[in-house]
Amino acid sequence: MRGSRTEYIHWIQDVPDQKAIVAQYCRYTGEIKTGKNIKQMVNRALQFAMSDPKGPVYLVGAREAMEEDLDPYHLEQGHWHPVEPSALTQGAVESIAKTLVEAKEPLLISGYSGRNHAAVPELVKLTEMVKGLRVLDTGGSDMCFPADNRASLGVRYGVDTSIETADVILVVDCDVPWINTQCHPKKDAKIIHIDIDPLKQQMPVFYLAAMARYRADSCTAFKQLHTYINGNEELSKKVSTYDDRWENLEKQHKKRLEIINHIARPGDDGNYNVSYLTACVRKAVPKDTIFCIEAVTNTAFVADQIQASIPGSWINCGGGGLGWSGGGALGVKMATDAEGEKKFVCQIVGDGTFLFSVPGSVYWISQRYKIPVLTIILNNKGWNAPRKSLLLVHPDGLGSKVSNEELNISFTPTPDYAGIAKAAAGHNLWAEHASTAKELNELLPKAVEAVMNGMGAVLDAHLDGPQGKYGGGKAALVG
């Protein structure tokens, strides 16, 4: 039979259920058993991929089925659209709107509503309608709310004082609004949950003490809410008296930005921290740059300095999977080029996650297919996330009293990260190390220029000094 086994490995690599390997991470998996309905199988998979909650799909086919001869046939592609977005019921709109307007300290927490770029301006309109409503972005995947808006509380991972003081919390498209062992709402807070997947059907454990939960599209819901409030005489009259809350938000936002700016300074010894580095990057790259962020324990500091304000300009991983940003940045660049926008793409990645990204493949592909991106490596000499995880459970345990070297999470002496990338690209890559603030300011413009001219660039940024880091004290990469 055509397609039957022809090589040794065809016996060894066969498994009873190949799709089960990835099924837990997919929206849909299927097996192609015949070519006669192949178009239907592919279209069904694409419907799952493109209908909320969107996600990966996986199809597998045996060699025999893939070699099958077919009679040509036609499908009407207009019948295979994704499922249309769902809306809140009228009763839900009225109840939520009234609760928000009557709240003294309302808070909205989001995580991935920004995947739909149209949702961002609709949420802005809602905060402008309900003056005093603040937005906490948990950075689940895309930027959900512009950082330059007075209602923004920035990006935080489930821990913020606003969660503890709010009397009404609207959770929208968010997987982890707060971490109960570290931070949680007060007991009498009213919690409302709107999500495209409010039950989190692929999470074994998930619960919010919500007074109401709704399955709805966030963009549609935001628009419904601000439209209803604006058209309701009683509610619109009430929010018109909230000018003092609007002014207070401006003062609080200004104070927050002053603090953020203050910590973005080089040390007296000429070294620099992640805040100063990211502030310099933000100033050096084009304003409409798309940032692919895999900064792990430094994410909040990076977010504070990037201050993303354009929908789609901040992309994070929506789930687990360290090492995604290398290939992810290339994919983002290819997508923006395919759309004719040709945006500048900047990857900011931790040193450990840089290694997880398989840089040998990433930078060969980047050079081979001419996909120039800027990579900033946050070199802090190792994995700090495991230490943080340890301390959250055993703050006074034996592990808290030993060094990173003793915990085997130190990279000292570090690999030549920039050299790894340059070697993979056949030396057709701009690659440097920045040990001091002076070197950083000299090298960043050159890195940006290289990318603008069509060549990828990798900058190994030595956070808090060059000690124990490859190339420490030298700005140029030899070779």
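1. Pro53 sits in the loop that runs between helix H2 (38–50) and strand E2 (57–61). The model is predicted, and in it the peptide bond from Asp52 to Pro53 is cis, with omega near -5 degrees.

2. Pro413 belongs to the loop between helix H15 (385–393) and helix H16 (417–424).

3. Past H16, in the loop between that helix and strand E13 (430–434), comes His427. His427 is a residue other than glycine, yet its phi is positive, near 70 degrees. Is His427 buried or partly exposed? His427 counts as partly exposed because its relative accessible area is 47%, and the partly exposed class lies between the buried limit of 20% and the exposed limit of 50%.

4. Val296 is not a glycine either, and its phi is positive at about 55 degrees. Val296 lies in the loop between strand E9 (290–294) and H11. With 33% relative accessibility, Val296 is partly exposed.

5. Helix H11 (residues 299–306) packs with helix H10 (residues 274–284). Two packed helices are described by the angle between their axes and the distance between the axes. For H10 and H11 the angle is about 35 degrees and the axes are 8 Å apart. Their crossing is right-handed.

6. Which residues of H10 and H11 meet? From H10 they are Val274, Ser275, Thr278, Ala279 and Arg282, and from H11 they are Phe301, Val302, Gln305 and Ile306. Five residues of this contact are nonpolar, three are polar and one is charged.

Notes:
Residues are numbered from 1 along each chain as its sequence is written. This is a predicted model: local features need pLDDT of at least 70, side-chain atom pairs count only at pLDDT 80 or more; totals for chains, interfaces and linings use all residues. Side-chain values use heavy atoms; hydrogens and water are left out. Axes are lines fitted to C-alpha atoms, for helices over the stretch in contact, and angles run from 0 to 180 degrees between N-to-C directions. Helices (H or I, at least four residues) and strands (E, at least two) are DSSP runs, numbered from the N terminus. A crossing is left-handed if the near helix is turned anticlockwise from the far one by less than a right angle, and right-handed if clockwise. Contact means heavy atoms within 4.5 Å. Ala, Val, Leu, Ile, Met, Phe, Trp, Tyr, Cys and Pro count as nonpolar, Asp, Glu, Lys and Arg as charged, and the others, Gly among them, as polar. Buried means under 20% relative accessible area, exposed over 50%, partly exposed in between (1.4 Å probe, protein chains only).
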